[in-house]
Amino acid sequence: MRVEMLRTFLTAGLCVSAGAFLAAAVTTDDISARAKKLHFSSIVVDTHDDTTQRFLDGNFDIGARSTTGSIDVPRMREGNLGAIFFSIWIPSKITGPEAVHRALVQMDAVRGQVRKHPNDLVLATTAAEIRVARKQGKIAALMGVEGGHMINSDLDVLRKFASLGVRYMTLTHSGNDEWADSSTDKVVHNGLSDFGKEVVREMNRLGVMVDISHVSDKTFYDVLELSKAPLIASHSSCRAICDAPRNMTDQMMKDLAAKGGVIQINYHVGFLSQEFRDAEKAHPEINKAIGDEVTKRCGDNEACQLIEGDRITREYVAQGKLPRIDWTKIIEHIDHAVKVAGADHVGLGSDFDGANMPYGMEDSTKLPQITEALLRKGYSEGDVKKILGENTLRVMAEVKRVSRELNSLPRK
Ligand SMILES: [Zn+2]
């Protein structure tokens, strides 16, 4: 289209302006080419994906291109997703030994997928291992536990998880656990309990990143004060743009950054868009209808529920019953977080396969758009690389350094 316009322009004989137009056209194309080169030469890290649930039903093979969901090897390669944290997740209401057992089953499922695809995937636990995977042309698979309820208030269980390769734990999911308050539950512990403090200390010692997505504001500040290592918010967005209690306020982002942490922006429309959130609130019957339809299609198959929830929500958007949210909303959140916290403290935590994705960010093949959009906004190549993954790699290395230091001290 651009070439045709140029031809018309030249035929009209407006030679002086044509020169300017040509320069503009070249600049635009130049950014696209630069973005492509930058994106595919970067290590892109995503700190939160719910794909693990799909491994459990036995029919999903991450090595094959799927027509549903957002993540598989071919689509990760197409979007140059180089490192992925598979979420180990069960609902907050499942507690005790069953929670531990189900978490272990999921860890085994992740490790099983890695074993099945040795040419494409490799289990990684450090930033250095992610870089090695990259050099070998493999995708680094990592694990994060989403919810402290899975350790059943037992530090031995936490240590076992760490030994199996878990490298972050989100202190709560949407409900409180026995030792920390969630942002979407009532105040019970007033933040972190004494045992919760033991958990954070042990995570620091083990080199497991402390993830404050989902926790209450008070829990966040308790953890921030206590932790010897920087924190992550593995999949959170900005509360100033979308008033969800599990998003971070500007002040929280500043305080997180001051101690070296990173907020990895979540792509879920209900955390990105106030308009979407308001529409959901105004029409609780729609949410109920979506929930009923999900149950009808999936029964208690959680992987199916997560994937179908997104699909059914899109049906409501198509019917005009919910607002259509565009992927550029992700850029708005990244840009806001960068303005508030700085380019050294923002990353990506999609929530793919576990949330409702905005239009244009249906799967990992769409990731290069983020790079191009940030360049078009005037971001430097160095800052874009940091946001795509280097900031998360820096935190991982720092958490490991702190762990090594703590382990060299005599135990109290
Ligand atoms: Zn979550």
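## Ground rules

Ala, Val, Leu, Ile, Met, Phe, Trp, Tyr, Cys and Pro count as nonpolar here, Asp, Glu, Lys and Arg as charged, and the others, Gly among them, as polar. This is a predicted model, so local features need pLDDT of at least 70 and side-chain atom pairs count only at pLDDT 80 or more, while totals for chains, interfaces and linings use all residues. Residues are numbered from 1 along each chain as its sequence is written, and side-chain values use heavy atoms, with hydrogens and water left out.

A search of the whole structure turns up two cavities of 30 Å³ or more. On a 1 Å grid over the protein atoms alone, a cavity is a set of points where a 1.4 Å probe fits but cannot get out; lining residues have an atom within 4 Å of a point. Grid points are joined across faces, edges and corners, and a volume is the space filled by probe spheres set on the points.

The second largest cavity comes in at about 50 Å³. Its lining splits into five nonpolar, four polar and three charged residues, and among them are H214, D217, R239 and R246.

The largest cavity has a volume of about 60 Å³. Seven nonpolar, two polar and three charged residues line it, including D310, R314, P323 and Y359. Helix α14 (residues 302-318) is the top contributor to this lining, with four residues; helices (H or I, at least four residues) and strands (E, at least two) are DSSP runs, numbered from the N terminus. Domain 1 (41-268 + 326-408) and domain 2 (274-324) both supply lining residues, so the largest cavity lies between them. Those domain bounds come from an automatic or database domain assignment.

A pocket, by contrast, is an open set with protein on both sides within 12 Å along at least five of seven lines. The largest pocket has a volume of about 880 Å³. Its lining runs to 30 residues, with H268, F271, L306, G354 and A355 nearest the centre. Two or more lining residues come from each of α11 (269-272), α12, α13 (284-298) and α14, and α14 gives the most, with six.

By class, the pocket lining has eight nonpolar, 14 polar and eight charged residues. Domain 1 and domain 2 both give residues to this lining, so the largest pocket lies between them.

## Rings and charges

Rings of Phe, Tyr and Trp (its six-membered ring) pair if their centres lie within 6.5 Å; planes under 30 degrees apart count as stacked, over 60 as edge-to-face and the rest as tilted. That rule gives six aromatic pairs. W179 and F195 have ring centres 6.5 Å apart and planes at 75°, so they pair edge-to-face. W179 sits in the loop between β5 (166-170) and α8 (194-206) and F195 in helix α8, so the pair ties together parts 16 residues apart in sequence. W179 is buried at 0% relative accessibility, whereas F195 is partly exposed at 27% (buried means under 20% relative accessible area, exposed over 50%, partly exposed in between, with a 1.4 Å probe and protein chains only). Elsewhere, ring pairs link F55, F60 and F86 into a cluster.

R246 lies over the face of F271, at 4.3 Å from the ring centre, and R314 lies over Y359, at 4.4 Å.

Terms used: A charge sits over a ring if NZ of Lys or CZ of Arg is within 6 Å of the ring centre and within 35 degrees of the ring normal.
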